[in-house]
Amino acid sequence: MNTDPIADYLTRVRNAIKANHRVVEVPASNLKKEITKVLFDKGYIANYKFEDNNAQGTIKIALKYNPITRIPAIRTLVRVSKPGLRQYAGVDNMPRVLNGLGIAILSTSKGVMTDKEAAKLNIGGEVLCHVY
């Protein structure tokens with residue numbers, strides 16, 4: 001039993017980047033699928049594929065690296081809100097990641113989105129993670 005599936009997802013991606021893997025496979029859930037879509041839309045991963053081969057399904061994520069220097073697009077992936085201590089942010093106290101260069105992924109009433117999109121829609125939510 002996994003008590004924090006989002007932390008497990010982020011750890012699998014972080015470990016795959018440290019081991020210079022091209023593809024990482026994680027168990028699927030609707031929230032993980034939405035986080036993966038945000039990472040793809042913002043250019044942090046090269047591609048993704050949802051596979052429904054068993055009851056839960058999997059997500060295959062193709063990681064993105066600089067072709068010359070082999071530096072990964074995701075430098076840091078940090079879980080913010082944990083099951084024991086949830087972190088929420090309103091519109092007026094939205095987190096700034098790396099002075100605006102990174103993104104914070106939020107779970108809002110309108111779905112999973114970045115901090116900039118949430119500020120544009122004038123809504124707050126639970127801060128899931130920081131990516132830069």
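Visitor: A salt bridge here is a side-chain nitrogen of Lys or Arg within 4 Å of a carboxyl oxygen of Asp or Glu. How many salt bridges does that rule give?

Guide: The count comes to eight salt bridges. Keep in mind that this is a predicted model.

Visitor: Take helix 2. Which side chain meets Glu34 in a salt bridge?

Guide: The partner of Glu34 is Lys37, at 3.5 Å from N to O. Both residues lie in helix 2, three residues apart, about one turn of the helix.

Visitor: Is Glu34 buried, exposed or partly exposed? And what about Lys37?

Guide: Glu34 counts as partly exposed because its relative accessibility is 31%. Lys37 is partly exposed too, with a relative accessible area of 31%.

Visitor: What about Lys33, where is that?

Guide: Lys33 sits in helix 2, which runs over residues 30-41. Lys33 is buried but has no salt bridge.

Visitor: What is Lys33 in contact with, leaving aside neighbours within four places in sequence?

Guide: Lys33 is in contact with Ala28, Phe50, Asp52 and Ile59.

Visitor: On to helix 1. What should it span, going by 1.5 Å a residue?

Guide: Helix 1 covers residues 5-18, and its 14 residues should span 20 Å. The end C-alpha atoms are 20 Å apart, which agrees.

Visitor: Which residues of helix 1 are buried?

Guide: They are Ile6, Tyr9, Leu10, Val13, Ala16 and Ile17. These residues cover an arc of only 125° around the axis, so they are on the same side of helix 1.

Visitor: And what covers them?

Guide: The cover includes strand 1, helix 2, strand 3, strand 4 and strand 8.

Visitor: Which residue does Arg12 meet in a salt bridge?

Guide: Arg12 pairs with Asp8, at 3.0 Å from N to O. The two are four residues apart in helix 1, so about one helical turn separates them. Arg12 counts as partly exposed at 34% relative accessibility, and Asp8 counts as partly exposed at 21%.

Visitor: What happens just after helix 1?

Guide: Asn20 takes a positive phi of about 60° there.

Visitor: Then strand 1. Which residues are on its covered face, and which on the uncovered one?

Guide: Val24 and Val26 form the covered face, while Val23, Glu25 and Pro27 form the uncovered one.

Visitor: How does strand 1 pair with strand 3, parallel or antiparallel?

Guide: The two strands pair in the antiparallel sense, over five bridges. Within that pairing, Val23 stands opposite Ala62 in strand 3.

Visitor: Back to charges. What does Glu126 form a salt bridge with?

Guide: The partner is Arg86, and the closest N and O atoms are 3.1 Å apart. This pair links distant parts of the chain, with Glu126 in strand 8 and Arg86 in the loop between strand 4 and strand 5, 40 residues apart. Glu126 counts as buried at 13% relative accessibility, whereas Arg86 is partly exposed at 39%.

Visitor: Which residues do shared partners join into one network?

Guide: Lys49, Glu51 and Lys60 are joined that way, through salt bridges that share partners.

Methods:
Residues are numbered from 1 along each chain as its sequence is written. This is a predicted model: local features need pLDDT of at least 70, side-chain atom pairs count only at pLDDT 80 or more; totals for chains, interfaces and linings use all residues. Side-chain values use heavy atoms; hydrogens and water are left out. Buried means under 20% relative accessible area, exposed over 50%, partly exposed in between (1.4 Å probe, protein chains only). Lys and Arg count as positive and Asp and Glu as negative; His and the chain ends are not counted. Contact means heavy atoms within 4.5 Å. The expected span of a helix is 1.5 Å times one less than its number of residues. The arc is that of the directions from the helix axis to the C-beta atoms. Two strands pair if DSSP finds at least two bridges between them.
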